Amino acid sequence: YNMLNRMVANDTLEMTIENIFLDEAQNGGEVLEKLNANDYDVILMDVQMPVLDGLEATRKIRSEFLSPKKNINILALTASIIRSDLEECTQAGMNGYIPKPFTVEDLVIGIYNSLNKN
């Protein structure tokens, strides 16, 4: 998963949201390990990652984790805005998506809306 995308997302969120705790994973397998060990409010899941892609990692979270972790908000980070690709994200269990490349507004509003749906 692209290091530049992670840096931009981290920098954007740290500059925009006070008292935010950020963690990052380099692949879908690492996402599962980190979620197993920690509590998070939202996951920004890149759809294309090595080892285990974001779609499969999301499916595993939804099927293999117990509540409340299995219900975490998961937002797809994707360069594709093709309807079939976005439907695949939804079918995998993602709560929404943020298009890449993203603007500060895309990122912050996407996270805000995701967290305030509940």
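# Helices, loops and buried side chains

Author: Ser-114 has its place in helix H5 (residues 104–115). The model discussed here is predicted.

Reader: Is Ser-114 buried or exposed?
Author: Take the relative accessibility of Ser-114, which is 5%. Buried means under 20%. Ser-114 therefore counts as buried.

Reader: Which side chain makes a polar contact with the side chain of Ser-114?
Author: Leave out residues up to four places away in sequence, and Ser-114 touches Val-42, Asn-73 and Leu-75. The polar contact links two side chains at 3.3 Å. The partner of Ser-114 in that contact is Asn-73.

Reader: How are H2 and H3 oriented to each other, roughly parallel or roughly antiparallel?
Author: Helix H2 covers residues 28–37, and helix H3 covers residues 54–64. Their axes lie 8 Å apart, at an angle of about 30°. Angles under 35 degrees count as roughly parallel. So H2 and H3 are roughly parallel.

Reader: Is the crossing of H2 and H3 left-handed or right-handed?
Author: The handedness tells how H2 passes H3. That crossing is right-handed.

Reader: How many nonpolar residues does the contact of H2 with H3 have?
Author: From H2 come Gly-28, Val-31, Leu-32 and Leu-35, and they meet Ala-57, Lys-60 and Ile-61 in H3. By class, one residue of this contact is polar and one is charged. The nonpolar residues number five.

Reader: Where is Asn-27, and is it buried or exposed?
Author: Asn-27 is in the loop between helix H1 (3–16) and H2. Its relative accessible area is 15%. The cut-off for buried is under 20%.

Reader: How many charged residues are in the contact of H3 with H4?
Author: The axes of H3 and helix H4 (residues 83–92) come within 8 Å and cross at roughly 25°. H3 is therefore roughly parallel to H4. Leu-55, Thr-58, Arg-59 and Arg-62 of H3 make the contact with Glu-88, Cys-89 and Ala-92 of H4. Three of these residues are nonpolar, one is polar, and the charged ones number three.

Reader: What is the relative accessibility of Arg-6?
Author: Arg-6 is found in helix H1. It counts as buried. The relative accessibility is 6%.

Reader: What is omega for the cis bond from Lys-100 to Pro-101?
Author: Pro-101 is in the loop between strand E3 (96–99) and H5. The bond from Lys-100 to Pro-101 is cis, with omega near -5°.

Reader: What is phi of Val-51?
Author: Val-51 belongs to the loop between strand E1 (42–46) and H3. At 75% relative accessibility, Val-51 counts as exposed. Val-51 is not a glycine, yet its phi is positive, at about 70°.

Reader: Is Asn-19 buried or exposed?
Author: Asn-19 has its place in the loop between H1 and H2. Its phi is positive too, near 55°. Its relative accessibility is 80%. Exposed means over 50%, so Asn-19 counts as exposed.

Definitions and conventions. Residues numbered from 1 in each chain as written. Heavy atoms only, no water. Axes fitted to C-alpha atoms, helices over the stretch in contact; angles between N-to-C directions. Helix = DSSP H or I, 4+ residues; strand = E, 2+ residues; numbered from the N terminus. Parallel < 35°, antiparallel > 145°, perpendicular 65-115°, else oblique. Left-handed = near helix turned anticlockwise from the far one by under 90°. Contact = heavy atoms within 4.5 Å. Nonpolar A, V, L, I, M, F, W, Y, C, P; charged D, E, K, R; others polar. Buried < 20%, exposed > 50% of the residue type's maximum accessible area, 1.4 Å probe, protein only. Polar contact = N/O pair within 3.5 Å; in protein donor to acceptor, adjacent residues only side chain to side chain.
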